[in-house]
Amino acid sequence: MTTGTTDAHLKAKAAVHAAAPSTPALVLQHGPRNAGDRVYRTILTLLALLLPLLLVAVAAQLTVTSWPALKRFGPGFLWHSTWDPVAEVYGAAPMIFGTVVSSLLGLLIAVPLALGAAIFLTEFAPRWVRQPLGFLVELLAAVPSVVYGLWGVFVLIPFLRTVGVPPLKALFGWTPFFKGVFYGNSMLAAGVILAIMIVPYIAAVSREVLLAVPTTQREAAMGLGATRWEAVWTAVLPYGRSGIIGAVMLGLGRALGETMAVTLVIGNRHDLSASVLQPAYTMAAALANEFTEATTQMYLSALFAVGLVLFVITIAVNALARLLVWRVARGAAVGSKAL
Amino acid sequence: MSARAIRRRAKSVVMTGVVAGLALLAVLPLLFIFGDLIHKGATSIDWNFFVKSPVPAGDTGGGVANAIVGTGIIVGMACLIGLPIGIGAGLFLAEYGNGRLGWLVRFVADVMNGTPSIVIGIFAWTWLVRPVGHFSAMAGGAALAMLMIPMLSRTTEEMVRLVPNSLREAALALGYPRWRTSLAVVARTALAGIVTGALVAVARIAGETAPLLFTALGNLNFSTAVNHPMQTLSLQIYVYATGPFDEWHRLAWAAALVLMGFVLLVSLAARWATRSRYETR
């Protein structure tokens, strides 16, 4: 019976194939159909190619415009700390320092919060908490940067001045990291606002990573007698480790390039200070503040060089982060010893 | 139960409490921000705020009509450029994206999603402002489109990939060519998801400031000319927040409340467009 139908099926198929070339209707249908498909595919491919093209164009344009500054100051541009538009001497060290330190400070505060939120949402939260809490975390990501900045200037900084900094100064005032008078606009304020801003990114991506960890991982651990927390700590987190590291790096990438909120609270001074209570600068903030003031070619070129450094750093961080996240989310980490 | 077992249980309970506390702490700033926005912004919002343009510095009153209209125009231009490209690229990734080119485009989209928007801003300035010699709303729209495209292409791809293969096979078996299958059956089925992706992208670019600083620039007067500087709510908030006048700060909070309300509305609409997906979960 089965063979019969299969045979009949095959015969019918063969008949169609044999008949196709000699049936004009089918041939006609074939021609324009393929043409339509080709056109469709070509259009989509061209649209998709715009993305890599745009990336190349941005990289090329930044390099070309910053070339005069790069040629004149060489690699020393990265570690010289004088930024003097009048004397036409440019060194980006304070901005690079400020960008990196404010972002790391942000990470330091954000990572425990974000990972705690992700672990709670995927492993412990009852159903009725998951959705609203998850939605609130998503909303944090939807608040525009400039609104964070406004809130930072008029709410966060006064709060830090009256409530946050005095105890910090009392405890750690003797270290170089909390020296000096706190006026408000500072590295600390930038770090705190960055932390609030990147929590949703880190939480959202680590949540995806944790959800991608197979349930069998948890069941196996609990089957061996582990408590729920032990299951999470020994079986779930190690499995998703590279993905979580990736999530943290995505947050870092965001923090490095964040502009408006930081510009509003960091104080915008070309200083190199170990104290987080002092004003500082970031590369993105320098671009936002000084770009329209760049009256000479060299000034403009130096600012583009700052943009190029920022671009290269964020691209590197993001590329690495993506590869790490893809590892877990695509299941490539299964069986391997996951970093 | 042995003492050890009790200790382990207790640790599990305590750690559950710790992560729950951290989760609460993570969303706490959001509640404060919303509270402050309403507390400091709501009292300044009246009819005039929506229909009047700013008055000279130092005077009281005035509104942000120019910024509201400007935001609409610039975001609209960004959509005009960004939607076809982003959705097209997303369809490419879903339909033909399993090869090397697909991998590259996907990777570039993800990497560009994290590119600082200020860098896109100075790029747009060199290509669209410097050659013409003046700032323009059009350049601002193009800069926002560049931010929108990578985001949109990835969400479109994800949504299109959710469409069951059997639908595609059914259409092909009925003699539909691939392109019609793709557009009329696959993309049509994923439409709600694509709309959600577009709305999320709109919500994000509507609040962007950095890429507009050197493109749209801002404009204290009412203007609808797309080849001249134009104001947006985000730019207006920035100018008012950095200004020295209390009156400006008051208006900044009100403008921020309006912007946040718009972003919230679009985000909710995005959820609503794919509500059935969330209900079944």
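**Leu217(B) sits in the loop between H9 and helix H10 (233-242) of chain B.** What you have here is a predicted model: local features need pLDDT of at least 70, side-chain atom pairs count only at pLDDT 80 or more, and totals for chains, interfaces and linings use all residues. Residues are numbered from 1 along each chain as its sequence is written, while chains are lettered from A and ligands numbered from 1 in the order in which they are written. Helices (H or I, at least four residues) and strands (E, at least two) are DSSP runs, counted from the N terminus. Leu217(B) is not a glycine, yet its phi is positive, near 70 degrees. Is Leu217(B) buried or exposed? With 22 other C-beta atoms within 10 Å, Leu217(B) is buried. The cut-offs: a residue is buried with 20 or more other C-beta atoms within 10 Å of its own, exposed with 12 or fewer, and partly exposed in between, with C-beta atoms placed from the backbone.

**Asn268(A) is another non-glycine residue with a positive phi, here about 50 degrees.** Look for Asn268(A) in the loop between helix H10 (260-265) and H11 of chain A. Asn268(A) counts as buried, having 21 C-beta neighbours inside 10 Å.

**Helix H11 (residues 283-290) of chain A is largely enclosed by the rest of the structure.** Why say so? Because six of the eight residues in this helix are buried. The buried ones in H11(A) are Met283(A), Ala284(A), Ala285(A), Ala286(A), Leu287(A) and Ala288(A). Zoom out to the whole of chain A, and buried residues make up 46% of its 339 residues. Chain A has twelve helices and two strands. Reading from the N terminus, its elements go α-α-β-β-α-α-α-α-α-α-α-α-α-α.

**Thr196(B) is part of helix H9 (residues 191-206) of chain B.** Thr196(B) is buried, with 22 other C-beta atoms within 10 Å. Which residues does Thr196(B) touch, leaving aside its neighbours within four places in sequence? They are Ala270(B), Ala273(B) and Thr274(B), where a contact means two C-beta atoms, placed from the backbone, within 7 Å. Also pick out Val266(B): it lies 70 residues from Thr196(B) in sequence but 9.3 Å away in space, C-alpha to C-alpha.

**Helix H7 (residues 165-173) and helix H8 (residues 178-189) of chain B have axes that come within 10 Å and cross at roughly 155 degrees.** That angle makes H7(B) roughly antiparallel to H8(B); under 35 degrees counts as roughly parallel, over 145 as roughly antiparallel, 65 to 115 as roughly perpendicular, and the rest as oblique. Axes are lines fitted to C-alpha atoms, for helices over the stretch in contact, and angles run from 0 to 180 degrees between N-to-C directions. H7(B) brings Leu167(B), Arg168(B), Ala171(B) and Leu172(B), and H8(B) brings Thr181(B), Val185(B), Val186(B) and Thr189(B). By class, this contact of H7(B) with H8(B) has five nonpolar residues, two polar and one charged. Ala, Val, Leu, Ile, Met, Phe, Trp, Tyr, Cys and Pro count as nonpolar, Asp, Glu, Lys and Arg as charged, and the others, Gly among them, as polar.

**Helix H5 (residues 145-172) of chain A packs against helix H11 (residues 246-273) of chain B at about 145 degrees, their axes 10 Å apart.** The crossing of H5(A) and H11(B) is left-handed. From H5(A) come Val147(A), Leu150(A) and Phe154(A), which meet His249(B), Ala252(B), Ala256(B), Leu259(B) and Met260(B) in H11(B). Seven residues in this contact of H5(A) with H11(B) are nonpolar, one is polar and none is charged.

**Between the chains, 72 residues of chain A are in contact with 68 residues of chain B.** Which helix gives the largest share of the side of chain A that touches chain B? Helix H2 (residues 24-73) of chain A does, with 18 residues. That side of chain A divides into 50 nonpolar, 15 polar and seven charged residues.

Notes: A crossing is left-handed if the near helix is turned anticlockwise from the far one by less than a right angle, and right-handed if clockwise.
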